[in-house]
Amino acid sequence: MLYKGLELDQFQEEAIAAINDDHSVIVTAPTGAGKTVIAEYAVEKCLQTNKRVIYTAPIKALSNQKYRDFQSEYGDKIGIVTGDVVLNPYAQVLLMTTEIFRNTIFDDIERLQDVSYVIFDEIHYINDIERGTVWEESIIFAPQHIKFVSLSATIPNINSFAEWMQSVREIDIKVVEELERPVPLEHHLYFSGFGIGKLGHLNDLRQTAKRQKRKDENRRDDTSKKPKGIINTELIPYLTKQNRLPCLYFCFSRKRCEGNAHYYASSGQHELLDTEKQEQILEKFDALCIQFDIVEEQVITDFRQLISCGIAYHHAGMLPTLKEVVERLFTSGLIQLLFTTETFAVGINMPACTVVFDSLEKFDGVSFRYLEAREYHQMAGRAGRRGIDTVGYVYAQVNPKYATHDDVSKAISNTIEPITSQFNLSYSSILNLYEKYGDEIYDVYTMSLSNHQNYKRLSDLNKQIAFLDEKREALPLPTCIHDNIEGMKQIESYHRHKHKNQKNLERLQLELASLKSLRGRSKKNEQKKRTVLIHDKMQSLHAELAKNLCHECYERKQCTNRYQAIRKQEQRIQNLKQKQTSIENYQQGQIAARLNVLETLGYIESQTLLPRGNTASHIYGYELQLTQLLFNGFFERLTEDEINCLMVAIVSEPRKDGYFKRLKNKRLLSVLGAAWSEILDIQELESKLKVSEFVPLLEPRLCSAMLAWSRGCEFDKLTDYAALDPGDFVRTFRLVIDQLRQIRRAMAGHTALTDKLNSCIDKINRDVVDAERQLRIGQEEPFEEEDNTVNINDSSG
């Protein structure tokens, strides 16, 4: 089949056939296989038949990219709604984050009545611990007339996932699975200090590394100790010589991204661009900086030097506008070496010839751990440009001194972890569902992927319990040599008696020890009397135990062994049954606990939402904190600048390091203290009612920075108030704007308050923080980009 002049692969044809048959379709294929073509076909079909379609993406950057792609082709038929941007919200094709789609289902489901298809790009995000529940809720509660195009990286348990999805959707679902990549990958390891090799070299190199002296030994010249097959080389010069650029070099910290970029650019050893291409990339960089109005930013001079070498970095701490400049330059094919964090691997269509991992370990917010195979393959999949490369190359850097064969082999394994449910209803979701279902809200859980997967878990547990039961039944019972005595009961009573005796003897021993501290003649007499009494009690305990039939019995050891074997097996069975009960009741228990919190705080009553509940049901994220503060008059009493400071304290994540300027405004400090008390009351109630995850407390570290920004300070002055990367300031301020917009919507009709909230938003949403301005500017093309993807099938990511 030809589509836009190109021959489609079989899996693409199968998916398109399902769309033509008005079915839903789940497409799972490796990164770079061409999944997005299927979504583009669904969009085009809806446009041709005058139907509406929603395209959801897991991150705003991907939504923005898709908006630009579609808008350049279809013009004003395209709109976008994210937490940052609202452009043409009633368009025939609407780009949005998955959270916005879920919120629309709860807030204004009538808006979805004329939607024919919803596209879930990167639906494997349903596995995400923090956000996965959003995908589940969207699939379960979307109107039944809506069909889905669900695109995913490889899902090993795809059939089970599709089975669940079909159980909650009325329209037939077609599963299309592609396992082969159009551009095959070669996977290598780069052993620090040794060179390029394979996993099989690791154990030998580990032993070699341990034998080497820490000082006075140049490992790179020590070729005699290298196993056969190791290519003795530095990695980047090797890639350059082998013509394996451009390269995406994944680092798991911002500092490593920037440090590596500056190191390779300043070393002078790597001529990645000739004079002509150097002139081209600088011309394009300068034009983009002018377009996005970032010429005067402090970082631009240094960044221009990197760009002139064909080198750049990309991470979330950068200005969003500068990140977009980097993305466009990489698409042009002129950046040869891009050091980036893993977010670059999500959805954005930026393939390279080679992918390098700075390490296979990363810090996940709690501890350092090795990558999961899913994470590794998501990033590795960016290697190999369809229509350009015949092979994509992947190199993972490993330190053989510390890495183990098991850890590395698991990380780079072809055995991808199955997706698991992260279903976890928030307070706002519970309020929306309670309004619709009342006390039947507990039945909602039965529709979740969690419940579907638990059937398998419970079935497996039942099999284990039955197996252990059989083993227990086969165990020999204790048999008593005395007539009419049941052996099991007798030996059990003996051990209980013995255990009780032991406790009593330990207590008496402590009493004896305490008597030694008594001083004086009268005390000594008392000591003797009590010592005699204690010894009498001890003898009595021994004598009482000796009366038991088992005490002197020659069969006692055998009976004890049999008794303990049975009890051990019964304990295993009991543990499994407790696990069963936990699986069966946990989610319903958490729904009940949160409903109790809501009822206690006055959000619900008699299956009805009260005013607080109605307000909280329209706020997604921090809904309890914000509603309590709203109804307790905080927002009426505060000025716009004070509201913005309060909001940034609510949405900021706790930070343990880095400079921040302490807030000195006594009124604001008093406000934050009062708000802290309100939120602490919620936490204490959650603890009392056994809610597993508490609402977060305030984090005031950015309050001084927000106060300055709200009062009009320049963006480059914000670092005087907090040691934060520019991208973190922008992202946090945009999150505040998103929450303020939600509050404004929830408080519609309260004119004075909504006017104040509009003023709050205007004070923050300016310059580089204004996401809509960035998106509009980005639509103006300063130059014709070279297309290094050639084949439309590679547009999938």
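Reply: A handy rule to begin with: angles between axes under 35 degrees count as roughly parallel, over 145 as roughly antiparallel, 65 to 115 as roughly perpendicular and the rest as oblique. The axes are lines fitted to C-alpha atoms, for helices over the stretch in contact, and the angles run from 0 to 180 degrees between N-to-C directions.

Me: Thanks! What kind of model is this?

Reply: This is a predicted model, where local features need pLDDT of at least 70 and side-chain atom pairs count only at pLDDT 80 or more, while totals for chains, interfaces and linings use all residues. Residues are numbered from 1 along each chain as its sequence is written, and side-chain values use heavy atoms, with hydrogens and water left out.

Me: And the H and S labels, what are they?

Reply: They are DSSP runs numbered from the N terminus: helices are H or I runs of at least four residues, and strands are E runs of at least two.

Me: OK, at what angle do H17 and H19 cross?

Reply: Helix H17 (residues 487-515) and helix H19 (residues 556-600) cross at roughly 90°, and their axes come within 10 Å. The two helices are therefore roughly perpendicular to each other.

Me: Which residues of H17 meet H19?

Reply: Met 488, Ile 491, Glu 492, Tyr 494 and His 495 do, and among their partners in H19 are Tyr 563 and Arg 567. Here contact means heavy atoms within 4.5 Å. Sorted by class, the contact of H17 with H19 has 6 nonpolar, 2 polar and 3 charged residues. For those classes, Ala, Val, Leu, Ile, Met, Phe, Trp, Tyr, Cys and Pro count as nonpolar, Asp, Glu, Lys and Arg as charged, and the others, Gly among them, as polar.

Me: How far apart are the axes of H23 and H26?

Reply: The axes of helix H23 (residues 640-651) and helix H26 (residues 726-746) are 9 Å apart, and the helices pack at an angle of about 110°. H23 and H26 are therefore roughly perpendicular to each other too. By class, their contact has 9 nonpolar, 3 polar and no charged residues. The residues involved include Met 647 and Val 648 in H23, and Phe 733 and Leu 740 in H26.

Me: Switching to sheets. What is the strand order in the open sheet of 8 strands?

Reply: The order is S6-S5-S7-S4-S8-S9-S3-S10, with mixed pairing. Two strands pair if DSSP finds at least two bridges between them. The edge strands are S6 (86-87) and S10 (173-177), each pairing on one side only.

Me: In which sense do S5 and S7 pair?

Reply: Strand S5 (residues 78-81) and strand S7 (residues 93-97) pair in the parallel sense over 4 bridges. Within that pairing, Ile 78 has Val 93 in S7 as its bridge partner.

Me: Which strands does helix H2 lie across?

Reply: Helix H2 (residues 36-48) lies across S3 (24-28), S4 (52-57), S7, S8 (115-120) and S9 (147-152), and runs at about 155° to S4.

Me: Which residues of H1 are buried?

Reply: In helix H1 (residues 10-20), they are Phe 11, Gln 12, Ala 15, Ile 16, Ala 18 and Ile 19. Seen down the axis of H1, these fall within an arc of 155°, so they line one face of the helix. The arc is that of the directions from the helix axis to the C-beta atoms. Buried means under 20% relative accessible area, exposed over 50%, and partly exposed in between (1.4 Å probe, protein chains only). The buried residues of H1 pack against S3, H2, S8, S9 and S10.

Me: Is Arg 169 buried or exposed?

Reply: Arg 169 counts as buried, at 5% relative accessibility. Arg 169 is found in the loop between helix H6 (158-168) and S10. Leaving aside neighbours within four places in sequence, the contacts of Arg 169 include Ile 139, Pro 143 and Phe 148.

Me: What is the order in the open sheet of 7 strands?

Reply: That order is S12-S11-S19-S16-S13-S15-S14, again with mixed pairing. S12 (195-197) and S14 (311-314) stand at the edges with a single partner strand each, so one side of each is left without a neighbour in the sheet. The twist averages 25° from one strand to the next.

Me: What about S13, which residues cover its two faces?

Reply: Both faces of S13 are covered: Cys 247 and Tyr 249 on one side, and Leu 248 and Phe 250 on the other, are all buried. S13 pairs in the parallel sense with strand S15 (residues 337-340) over 4 bridges, and Leu 248 has Leu 338 in S15 as its bridge partner. S13 and S16 also pair in the parallel sense over 4 bridges, with Leu 248 opposite Val 355 in S16.
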